[in-house]
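Try each task before you read its solution.

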Amino acid sequence: MRIRTGHFAGVLIAMAGSALFANDRPNVLMIAIDDLRPMLGCYGDPRAVTPNIDALAEEGMLFERAYCQYSKCGPSRLSLMTGLKPETVGVYGHGDRDVARFRSGDRNVVTVAEWLKNHGYETRSFGKIDHDGWSQLRDWSEPPSPGREGEMLEIVDEADPSAPSKIAERWDCPVMQSPDVPDDRLFAGRMTNEVIAEFEKREDERPFFYAVGFRRPHLPFVAPKRYFDLHEPDGSWLPRNPEPPGGVPPVSWFSSDGYVGGAKKIGILIPVRPNRQQAILLNGYEMRSYEGVRNLGIIEKADQLKLQQAYAACVSYVDAQIGRLLEALKKSGKRENTIVLLWSDHGWHLGELSVWGKMTNYETGTHVPLIIDAPGKPSGRTASLAGLIDLYPTLCDLTGLEKPPHLEGASLLPVLDDPDATVRDRVRSHYVRYNGKFTGDSIRTDRYRYQLWKNSEGEVESEELYDLVEDPLEQSNLVKRDPDKTMEHRLMLEAGD
Ligand SMILES: [Ca+2]
């Protein structure tokens, strides 16, 4: 069943909001983790060592079925911050032209940060919140503190790990490093120190909205050695679905289209329409663009395990920083009156469906961790469907603010009050390949995932339906076997939401 917030309920919420004085509103600590699939203990992943996020999940509400609206950093974050669907924003790239288009267009709406700022909040941004270079000064009470330019590519000097870290050259950057260095030799530790110092010295009377963005486990997988030592991958870590579903064209699962130019420079041609075997051998080019991974061909199992260990190490490293952050919040005396919100911008394939990376509309590409710990709300877990697009209206409700009229998501407040409640019967994800040559739309419903890819002529390139109860690994496309269920989902997808 789909529940819509009626006009009357909206008026009540707005009235409740206006009765709150600005200084009585709860603080918000929003923790963003880059490229984190739900490889967390609290999501039941036995590979994870994440005690601090697990503890936060115990205190808050864990959304078992939360999904991004776009499986790539910039568009996903723009959607979350603006409360608009990626296809409404219309920005799919990370280039200067894309930023300029967003800034100059009528979709440059009030973001959730600016909305809170306009309503009396001190708003601050640390690390990666918007995509690098995209932050809007008007959103924040002080200029964002993103770290050094290119901080994503932070590595240590292998010859002298005790030297300050440096920024690697793209395409020459090692895919992983495990230097034996203190946590704050690397960005996540340094940034956490900075936020903790702010908590310690803060005397501002206003409620705060602190947005803290960790850049790992995004590639390159660099973390202090002790976090690597926490993990000993074995064969059980390898994906059970390393092959794409049979008969499904590469357009749906081939995620290397953003790397055509770079690959060409090293003599590798990435075709627009590879056949299945070519696509498998070239898939995951985001990762292949780093040093230490083969440029072509299936990643060997021993290397897969090393990559998995490195990814898990980065997750544990970030988890440890989140523990420090939450401890500092507690010490500041503000924990009880602070909403803590934790999300990742999209999922990440660790070899599932031949993909190493993001940029698919499958479960693994779109499923994200989402935890909301709000004062006065019960702790628990919910199977209610949720999207990152829902966070803006949810934060409005939790802080007692009215919602700006442009929002396209649904407030998760009913679910925070009752984990059995639902606010949506589908979550939509969108993806555009080769600058618009192919566009994919997908919906996750209670039981199924449906995908439809079309070319720029509007012709169907791929149509897929997976029963996630019978086939959670998305190996068996039901489109031919179950035309009725397929049509039902196609109509739902085309109806919008
Ligand atoms: Ca990302």
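**Exercise 1.** Find which residue of β7 stands opposite Phe126.

*Solution.* Start at Phe126: the residue opposite in β7 is Val212. Next, look at the strands (E runs in DSSP, at least two residues, numbered from the N terminus). Strand β3 (residues 122-127) runs parallel to β7, and six bridges join the two; strands count as paired if DSSP finds at least two bridges between them. Strand β1 (residues 27-33) is also parallel to β7, again with six bridges. There, Ala32 has Gly213 of β7 as its bridge partner.

Before you go on, a quick note on the model. It's a predicted one, so local features need pLDDT of at least 70 and side-chain atom pairs count only at pLDDT 80 or more, while totals for chains, interfaces and linings use all residues. Residues are numbered from 1 along each chain as its sequence is written.

**Exercise 2.** Work out how many of the seven residues of strand β7 are buried.

*Solution.* First, the cut-offs: a residue is buried if 20 or more other C-beta atoms (placed from the backbone) lie within 10 Å of its own, exposed if 12 or fewer, and partly exposed in between. Now recall that side chains in a regular strand alternate between the two faces of the sheet. On one side of β7, Phe208, Tyr210, Val212 and Phe214 are all buried.

**Exercise 3.** Is Gly380 buried or partly exposed?

*Solution.* Find Gly380 in strand β14 (residues 380-387). Count around it: Gly380 has 15 other C-beta atoms within 10 Å, so it is partly exposed. Then check contacts (C-beta atoms, placed from the backbone, within 7 Å). Leaving aside neighbours within four places in sequence, Gly380 touches Met61 and Pro419 in this sense. Leu62 is 318 residues away from Gly380 in sequence, yet their C-alpha atoms are 6.4 Å apart.

**Exercise 4.** Find what radius of gyration the protein has, and how that fits a compact globule.

*Solution.* Use the rule 2.2 Å times the number of residues to the power 0.38, with the radius taken over C-alpha atoms. For 497 residues a compact globule would come out near 23 Å; the protein has 22 Å, which agrees. Of those 497 residues, 51% count as buried.

Terms used. Helix = DSSP H or I, 4+ residues; strand = E, 2+ residues; numbered from the N terminus. Contact = placed C-beta atoms within 7 Å.
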